[in-house]
Amino acid sequence: MRDMGIQALYPKPSASMPQPGSKICPCLLGGLHICEPDQVWGIDITYVPIKKGWLYLVAILYWHSRYVVPWEIDDTLEIGFVLDAYQKALGKSAQCIINSNQGSQFTSPKYISLF
């Protein structure tokens, strides 16, 4: 992107910082060879610019196949659309490890209680 002179569009203040006192989960991927379906999922939120603001897209990716399983889009960063995407993913298969950043949605007690 630097060579092409382009940059990503996103809100400048970080909206995915963990809440003070949030549970921090350890990274379980160090040295792990991902060789089976459903061994590891990744989940993240991205910002989608629209004419008057942002939409927020959460997607769950199977790392082995690099296939996006479910996704949800919302106009707020509240936890509901993240939980909906996770529940849809569980309806398709069972995961072993789910990798995310330590943002407020992924350290929320509502999200952590799913495990």
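By a nonpolar core I mean a set of buried Ala, Val, Leu, Ile, Met, Phe, Trp, Tyr and Cys residues joined through side-chain atoms within 4.5 Å, where buried means under 20% relative accessible area, exposed means over 50%, and partly exposed lies in between, with a 1.4 Å probe and protein chains only. This is a predicted model, in which local features need pLDDT of at least 70 and side-chain atom pairs count only at pLDDT 80 or more, while totals for chains, interfaces and linings use all residues. Residues are numbered from 1 along each chain as its sequence is written, and side-chain values use heavy atoms, with hydrogens and water left out.

The largest nonpolar core has 19 residues, and those touching the most other members are Trp41, Ile43, Ile45, Val58, Ile60, Val82 and Tyr111. Two or more residues come from each of strand S1 (40-50), strand S2 (53-62) and helix H1 (80-92), these being DSSP runs numbered from the N terminus (helices H or I, at least four residues; strands E, at least two). H1 gives the most, with six residues. Beyond its neighbours within four places in sequence, Ile43 is in contact (heavy atoms within 4.5 Å) with residues including Val58, Ile60, Val82, Phe106 and Tyr111.

Gln39, in the segment before S1, is buried, with a relative accessible area of 13%, and a polar atom of its side chain lies 3.2 Å from the backbone oxygen of His33.

Arg66, by contrast, is exposed at 66% relative accessible area; Arg66 sits in the loop between S2 and strand S3 (67-74) and, although not a glycine, has a positive phi of about 60°.

Methods
A polar contact is a pair of N or O atoms within 3.5 Å; within protein, one must be able to donate a hydrogen and the other to accept it, and residues adjacent in sequence count only if both atoms are side-chain atoms.
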